[in-house]
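Good morning, colleagues. Please look at the sequence and the structure now.

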Amino acid sequence: MLLGFMASACVLTPPSSTVAQSPAAFIIEAEAGPLWQSRNTVQIPNDASGTRFSLVDLVGTGPQPTGRLYLTWNINARHGLRALVAPLSFTETGTLTEPANFAGERYQPNAPVAGTYKFNSWRLSYRYRLVDRERLTLFLGFTAKIRDAKVELQQDATSSKKTDVGFVPLLHSAAEWQLARRWAVHVDFDGLAGGPGRAFDVAVKLGYGFGNGWRVAGGYRTVEGGADVDSVYSFAWLHYAVGSITRRF
């Protein structure tokens, strides 16, 4: 859907004789804000020996503190690389309403259970500046993502966990629409669906430029996805209220 919108924008946006200024060679953006989870369903293993349960019901919707850091290198006017460091981990305590078999152990209801959810994301994106006009910039590319995930339960002396470190290829697209001299809307997308799983990371932010390379922005980010394979069923939908500060060099 987002890729289709961007393609339509390329067609519908009228040509301009004035192009945008040359991009900054290096960009650093730090983003932070609270996270809420509306869905986080887990079954490990994904067969009759495992119980499907909701981490949202166990540990609550949040909020949880989060942060991420982007480092961008614009190699030239068209080609660029962007690295992302996005750690995410939290532990909360709740109770189960029914017995649950998880990762080889059995957990009882109506007694405290500590639940840990970790989903660190390390990414490297190649970005091609497809459209570079006075008020509109569009990027297309691809992202190589390394996920570092863990779900863990602990109840008294009983504990078990499932960890997963793996590579995920994603499509990348982004847009920047200059509303006024200092105001701009920024849209960012990494995602792909197919086979036993999917992953989507989408953000929309309104930014204000102070000059001298500084910009602040605020908006909404959502991350959704998971996997349905023999060893694990895990799907989560996370929502972020984000603020960021950017420095261009």
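**Salt bridges in the predicted model**

A search of the whole structure finds 16 salt bridges, a salt bridge being a side-chain nitrogen of Lys or Arg within 4 Å of a carboxyl oxygen of Asp or Glu. In general, side chains of opposite charge can pair when their charged atoms come close.

Let me state the conventions. This is a predicted model, in which local features need pLDDT of at least 70 and side-chain atom pairs count only at pLDDT 80 or more, while totals for chains, interfaces and linings use all residues. Residues are numbered from 1 along each chain as its sequence is written, and side-chain values use heavy atoms, with hydrogens and water left out.

I begin with Asp-201. Its salt bridge with Arg-68 has the closest N and O atoms 3.1 Å apart. This pair links distant parts of the chain, 133 residues apart: Arg-68 is in strand β3 (residues 64–74) and Asp-201 in strand β12 (residues 197–211). Helices (H or I, at least four residues) and strands (E, at least two) are DSSP runs, numbered from the N terminus. Arg-68 and Asp-201 are both buried, where buried means under 20% relative accessible area, exposed over 50%, and partly exposed in between, with a 1.4 Å probe and protein chains only.

Arg-221, like Asp-201, is buried.

These residues belong to a network of salt bridges that links Glu-29, Glu-31, Arg-68, Arg-123, Asp-190, Asp-201, Lys-205, Arg-215 and Arg-221.

I turn to another pair. Glu-152 and Lys-150 form a salt bridge of 3.3 Å, N to O. Glu-152 has a relative accessible area of 19% and is buried; Lys-150, at 19% relative accessibility, also counts as buried.

Finally, the chain as a whole. The protein chain has two helices and 14 strands, and its C-alpha trace spans about 70 × 35 × 25 Å along the principal axes. Of its 249 residues, 43% count as buried. Among contacts (heavy atoms within 4.5 Å) between residues at least 6 apart in sequence, 61% join residues at least 24 apart.
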